[in-house]
Amino acid sequence: MERLAIFDVDFTITNKETLLEFFKFMLKKDKKNIKYLLRVVVSGILYGIKVYDEKRVKECFLKFIDGINEKDLNNLVKNYYDQRLTNIFYKDAIDKIKELKQKGYKIYLISASPEFYLKEFYAIKEVDMIIGTRFHFNDGKFARKMLGANCKGEEKVKRLMSVLKEKNITVDFKNSLMFSDSLSDTPLLDLVGNGYLINYKKNHEKYKILKWK
């Protein structure tokens, strides 16, 4: 049986929200992307007043790469990882990943962020599996339509169980770990024997609080 060390990504491994950082990265590469800024702001407002759910927000937000060739997108996200994402890692998170890998844990990253750029985290050699929100590609081009559900909350557990079943992996959940900055990950935190909240501002009766920099 395998022991898992499961990590959320945004504000758990990184100190910023990675999708917004991706837009900033694209804006820096091409100032013409400023035309999508209003869409970004409006979609956030509509989510805040509960007109849009997270699925619709992400589909709306990603207009700035709509129709991009998959090969070109792959090159962009590699540059995004190398030039931006690696600069916003919590050092403590990367140290913990390396420590737990040495102790025999399998390292899983499970996030609501888009999988098309999360896959670049495989550059961290200790990472065994990445599960994120998936999007359609039509005829080799990014279609801006979410494939399945937003990978958040209960959906993270469903996706994890699907991967484990597909790969015929048996897990010792009692001795597995989960790290997240948010109680939206309660389904995963409760799945394992040891749950940790990262930089959480309150004490919690059930989960341990870790302060990462």
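Modeller: What follows is a walk through those topics, one at a time.

Modeller: This is a predicted model, in which local features need pLDDT of at least 70 and side-chain atom pairs count only at pLDDT 80 or more, while totals for chains, interfaces and linings use all residues. Residues are numbered from 1 along each chain as its sequence is written, and side-chain values use heavy atoms, with hydrogens and water left out.

Biologist: OK, how many salt bridges does a search of the whole structure find?

Modeller: The search finds 15 salt bridges, a salt bridge being a side-chain nitrogen of Lys or Arg within 4 Å of a carboxyl oxygen of Asp or Glu. One of them joins Arg159 to Glu115, with 3.3 Å between the closest N and O atoms. Arg159 lies in helix α7 (residues 154-166) and Glu115 in helix α6 (residues 115-118), so this pair ties together parts that are 44 residues apart in sequence; helices (H or I, at least four residues) and strands (E, at least two) are DSSP runs, numbered from the N terminus.

Biologist: And is Arg159 buried or exposed?

Modeller: Arg159 is buried, at a relative accessible area of 9%, whereas Glu115 is partly exposed at 22%. Here buried means under 20% relative accessible area, exposed over 50%, and partly exposed in between (1.4 Å probe, protein chains only).

Biologist: Which residue does Lys125 pair with?

Modeller: Lys125 forms a salt bridge with Glu126, where the closest N and O atoms are 3.1 Å apart. Lys125 counts as exposed at 71% relative accessibility, but Glu126 is buried at 8%.

Biologist: What about Asp190 and Lys206, where do they sit?

Modeller: Their side chains meet in a salt bridge of 3.0 Å, N to O. The pair links distant parts of the chain, 16 residues apart, with Asp190 in helix α8 (residues 186-191) and Lys206 in the loop between β6 (194-198) and β7 (208-210). Asp190 is partly exposed at 37% relative accessibility, and Lys206 is exposed at 55%. There is also a network of salt bridges that links Asp8, Lys156 and Asp185.

Biologist: Switching to cysteines, how many disulfides does the structure hold?

Modeller: The structure holds 0 disulfides, taking a disulfide as a pair of cysteine sulfur atoms within 2.5 Å. As for individual cysteines, Cys60 is buried with a relative accessible area of 13%, and Cys151 is buried at 0%.

Biologist: Now pockets: what volume does the largest pocket have?

Modeller: Its volume is about 600 Å³. On a 1 Å grid over the protein atoms alone, a pocket is an open set of points where a 1.4 Å probe fits, with protein on both sides within 12 Å along at least five of seven lines, and lining residues have an atom within 4 Å of a point. Grid points are joined across faces, edges and corners, and the volume is the space filled by probe spheres set on the points.

Biologist: Which residues are the closest to its centre?

Modeller: Of the 24 lining residues, the closest to the centre are Asp10, Glu17, Glu54, Lys58 and Lys152. The elements that give two or more residues to this lining are α1 (18-29), α2 (37-48), α3 (54-61) and β2 (106-114).

Biologist: Last one, where is Leu118, and is it buried or exposed?

Modeller: Leu118 is in helix α6 and counts as buried, at 1% relative accessibility.
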